[in-house]
Amino acid sequence: MTQLASYRLTTRTRTGTAAGLAALVLIAVGIVLPAFVSRSVIQDLFYILTMLTLAQLWNLLAGYGGLVSVGQQAFVGIGAYAMFAGVILAGWNPVFAILLGGVAALILAIPTAFFVFRLQGAYFAIGTWVIAEVTRLLVAQWKTLGGGTGTSLPREATGSILGVDAIRALFSVREAAARDILAYWLALVLVVAVTGGIYWLLRNRLGLALAAVRDNTEAAKSVGVDAGRLKWAVFLLASVATGLTGALIFLQTARISPDAAFALTDWTAYVVFIVVIGGIGTIEGPILGVIVFFILRSALADYGSWYLLSLGIIAIVVMLFAPRGLWGLISSRSGLHLFPVRRRLAGPKIEGGH
Amino acid sequence: MILVDTLVQGILLGGLYALFAAGLSLVFGIMRLVNLAHGDLIVFAAYLVLLGVSLLGLSPFVAALLAAPIMFVLGWLLQSAVLNRVLGKDILPPLLVTFGLSIAIQNGLLEAFSADSRRIPAGALEGASINLGIVTVGVMPLLTFASAIAVIVALNAIFYQTALGRAFRATSDDTVTAGLMGIEPKRIFAIATGLAMVVVTVAALYLGMRANFDPSVGPARLLYAFEAVIIGGLGSLWGTLAGGIIIGVAQTFGAAINPEWQILAGHIAFLLVLLVKPRGLFPRAVD
């Protein structure tokens with residue numbers, strides 16, 4: 001029996017460790033990057049990182065939690081508006097006001113969850129969408145924040161953002177460029193925290209429970225998984241992080257309107273396409289998806305609506321012929337898992353033949 | 001008087017929403033398919049009717065009559081070539097495919113017809129009204145409401161009095177057993193979607209004649225339609241009409257209080273109904 005003690009359950013693989021090291025290197029490169037690249041590259045990277053964050057969060061909801069929400073723009077919008085309210089009404093520093101975005105998203109998420117969790121499947125999707133519309137219409141009534149036309153962050157607030165002066169001195173750039181660098185760093189922090197957090201969740205008890213519920217709800221319940229509480233946890237976590245991301249996105253643009261902040265296309269349709277094309281239900285999928293998405297966007301930028309037209313068609317084709325997305329194709333051919341979550345028994349090889 | 005007037009206008013508006021919703025209700029009831037492109041398909045059909053009117057110089061009603069078989073074939077093709085492949089226990093694939101379709105149709109229309117808002121010219125019908133003693137109602141809203149009733153009566157007749165309807169109901173209740181009885185579910189689904197697209201053409205006719213439309217208005221119509229279907233309950237077409245009327249009345253009363261609250265009031269009525277009855281008012285089929 002003492003022999004058994006040397007066996008342990010692990011999710012670690014050699015590829016996983018290598019990918020983890022590569023990720024650390026990438027993060028380090030990402031931190032020092034503003035010293036070497038132009039402002040437009042930083043802006044593009046900001047967009048990529050925030051879209052990746054939203055994609056990972058939607059993937060957590062739909063791919064792992066089975067919660068197909070079409071209303072994530074509600075949390076992007078309310079987070080952004082809460083940040084603006086903190087700056088304009090309470091005079092907070094915009095960087096701290098981002099946290100307000102997370103709080104506001106949580107406050108919206110609790111009643112939303114009470115409501116939409118009563119609905120099943122398709123009803124759930126439509127329910128989240130209606131809630132997002134209601135939130136947009138209500139926010140548009142908020143006259144001090146510009147009502148239906150929206151408003152901008154006041155100059156004195158954008159001029160005194162925490163850390164911008166230090167960045168200006170460090171890279172000797174203009175104030176606007178320094179603000180972009182700050183937003184980019186915050187986006188980097190957010191995407192690392194969200195991706196890392198989701199990976200950590202999946203490797204822990206919660207992830208095991210999530211996988212069990214996704215694969216067979218009844219069987220999971222019978223072994224003691226509280227499926228209802230799990231859904232709540234996933235929904236609230238994703239909402240808060242989506243709210244923070246929304247606040248950060250609109251800190252960078254410094255201008256807000258209900259139509260932009262609660263845009264179905266920008267904050268849900270694109271995000272869904274990124275996840276579907278990359279591969280739903282994997283951490284690698286959204287990363288691959290956002291790269292494909294950005295390449296398509298750059299390649300087709302001059303063709304206006306053709307870009308979205310082809311994005312829609314690509315999503316349909318992927319869903320029809322490769323339902324696990326591009327990453328699904330790659331990993332089923334090569335057996336590659338950069339973020340392994342499968343539990344394996346590791347230990348000394350069992351000697352046979354005695 | 002204003003109260004009665006608002007109520008009547010709301011009920012008539014509900015007719016339009018019921019028209020938007022009837023095709024969706026049919027498809028949703030039979031195959032539990034959530035077609036997120038439904039609103040964009042209505043807008044697509046409206047452009048088809050507009051082409052008939054502006055290029056061929058037809059009356060809108062004749063143009064719709066010509067557009068209907070085209071839409072039927074498109075619906076049939078869409079179902080057989082695309083949607084049948086993704087239908088299953090998991091609702092995610094059909095949801096994502098129709099979402100992709102929605103974005104593709106919107107931007108295809110944008111490319112073909114630009115973002116300018118259009119209207120199907122309806123001639124003398126546009127401003128005509130009838131005095132009913134207590135209230136004066138527009139001929140167009142009245143015609144819309146009558147069409148909604150006619151569509152629902154026709155669909156119910158197909159549903160409950162024909163062999164095709166029996167096949168519809170059988171596949172709706174239990175696809176596998178229906179298959180054992182010699183019904184080919186995929187063929188039935190294709191016909192159902194084709195039929196839904198005919199209803200979509202009728203909805204498009206009134207959408208286009210009553211108000212301006214442009215390629216981006218689809219999702220809002222989809223939302224009203226879905227609310228009507230859900231309020232009414234899965235698989236009940238009269239329930240869908242009731243759902244449409246509830247939303248229509250809520251919207252006109254909301255607008256009477258403050259024009260900015262029109263849409264909001266409709267959504268809130270939907271949320272309230274769902275809070276009390278999560279499966280809608282008159283569900284026929286079990287989800």
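Biologist: How many salt bridges does the structure hold over all chains?
Modeller: This is a predicted model. Side chains of opposite charge can pair when their charged atoms come close. Counted over all chains, the salt bridges number five.

Biologist: Which parts of chain A does the salt bridge of Asp180(A) with Arg39(A) tie together?
Modeller: The closest N and O atoms of Asp180(A) and Arg39(A) are 2.7 Å apart. Asp180(A) lies in residues 175–203 and Arg39(A) in residues 39–64, so the pair ties together parts that are 141 residues apart in sequence. These parts are helix H8 and helix H2 of chain A.

Biologist: Which side chains meet in the salt bridge across the interface of chain A and chain B?
Modeller: The rule finds one salt bridge across this interface. A salt bridge needs its nitrogen and oxygen within 4 Å, and here the N to O distance is 3.6 Å. The side chains are those of Glu260(B) and Lys143(A).

Biologist: What area do chain A and chain B bury between them?
Modeller: The size of an interface is often given as the accessible area lost when the parts come together. The contact takes 40 residues from chain A and 40 residues from chain B. Of the buried area, 82% is on carbon and sulfur atoms, and the total is about 3,600 Å².

Biologist: Which residues in chain A lose the most area to chain B?
Modeller: Three residues together make up 18% of what the side of chain A buries. They are Arg118(A), Tyr123(A) and Ile126(A).

Biologist: Which element gives the largest share of the side of chain A that touches chain B?
Modeller: The elements that give two or more residues to this side are helices H5, H13 and H15 of chain A. The residues of this side divide into 30 nonpolar, seven polar and three charged. The largest share is twelve residues, and it comes from H5(A).

Biologist: Which helix gives the most to the nonpolar patch on the surface of chain B?
Modeller: The patch is formed by Leu51(B), Leu55(B), Leu56(B), Val62(B) and Leu66(B), with about 480 Å² of accessible area together. Helix H2 (38–56) and helix H3 (60–86) of chain B each give two or more residues to the patch. Leu55(B) is found in helix H2 of chain B. With three residues, the helix that gives the most is H2(B).

Conventions
Residues numbered from 1 in each chain as written. Chains lettered and ligands numbered in written order. Predicted model: local features only at pLDDT ≥ 70, side-chain atom pairs only at ≥ 80, totals over all residues. Heavy atoms only, no water. Contact = heavy atoms within 4.5 Å. Buried area = accessible area lost by both parts, 1.4 Å probe. Helix = DSSP H or I, 4+ residues; strand = E, 2+ residues; numbered from the N terminus. Nonpolar A, V, L, I, M, F, W, Y, C, P; charged D, E, K, R; others polar. Patch = residues over 30% accessible without salt bridge, like charges linked within 9 Å, V, L, I, M, F, W, Y side chains within 5 Å. Areas by Shrake-Rupley, 256 points an atom, 1.4 Å probe, with all protein chains shown as cover.
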